[in-house]
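Good morning, everyone. Please have the sequence and the model ready on your screens, and we will walk through a few parts of it together.

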Amino acid sequence: MSRVLHDIALFNGRLVSCREPILALGHAGVFTGWGVFTTLRVYDSVPFAFERHWDRLARDAGQLNVEMPPDRDELRFRLIELVKRNQCREARMRLNIVRAAPGLWTPPRQGQQSDVVAFTAALTPGPETAALTLQADGRHARTPFAGTKTLSWAHNLTLYENAARAGYADALLLNELGEVSECTSANVFAVKDGVTLTPPLSSGALPGVTREVMLGELDDAVRESILRTGDIHEADEVFITSSTRELVPVDRLDQRPLGSGTWPVMERLRVRLREYIRAYVESARA
């Protein structure tokens, strides 16, 4: 088993060994990418913002005709059991809701159930700053599935791998209108004149949980706005956000440096985010 992946997984309410085969050959959800997922950060044995992750999963599952588990609180309890069993007070967690079917060519039918698979892994350190490369037409904002976090993730992984091979931390994706959307697995923010801006969901971005907290909980000067490449070049600060990485400053877009090399607004927001996380964890543990 990988040194990163922990030994125990959750499968339909049972704690099982990660070595145990649980999904059969021909499983429709696995072989077609028919399902949804989310990645949570575990702080002090607490899956952070689980309720927000659940709400997004439920929205995406509804888009894809994927049946959600019937009881949110029961699932949260099982996930905490998984964390305790793996003894991972600080970790990342992947939660998958996979469309279940007897065979790959089985036609859809009403009331189709899903398999729930979750596992945890060690946190891996990332770069202190991120350099991005621009990717045209990386998002299609007008599709009804824009912003849906599905198991069909190969296009994101390919764009990420291409960027990594070229020496970048990620790709900054433009939509078909030339608007900034997001990165392959992170939302993007630009600071201009003290105001922190992030693309609206209409630009094709995924509604990240950290993005949601940033917009609703931390500062009134965090807002949505359509952004273009010029706005990124002219910004005082640029940073990206995700559940596992929190906030990461961006210092370069392709070969062009960004900002002044300092990120005072981002650092202030990072402090507030960590205060919010700490308060959530304390409340959950209580």
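Val30 is partly exposed, with a relative accessible area of 42%, where buried means under 20%, exposed over 50% and partly exposed in between, using a 1.4 Å probe and protein chains only. This is a predicted model, in which local features need pLDDT of at least 70 and side-chain atom pairs count only at pLDDT 80 or more, while totals for chains, interfaces and linings use all residues. Residues are numbered from 1 along each chain as its sequence is written, and side-chain values use heavy atoms, with hydrogens and water left out.

Val30 is found in helix H1, residues 28-32; helices (H or I, at least four residues) and strands (E, at least two) are DSSP runs, numbered from the N terminus.

What does E8 pair with, if pairing requires at least two DSSP bridges between two strands? Strand E7, residues 130-139, runs parallel to E8 and is joined to it by 5 bridges, with Leu134 having Leu172 as its bridge partner in E8. Strand E9, residues 180-183, pairs with E8 in the antiparallel sense over 3 bridges, and here the partner of Leu172 is Cys183.

Terms used: Two strands pair if DSSP finds at least two bridges between them.
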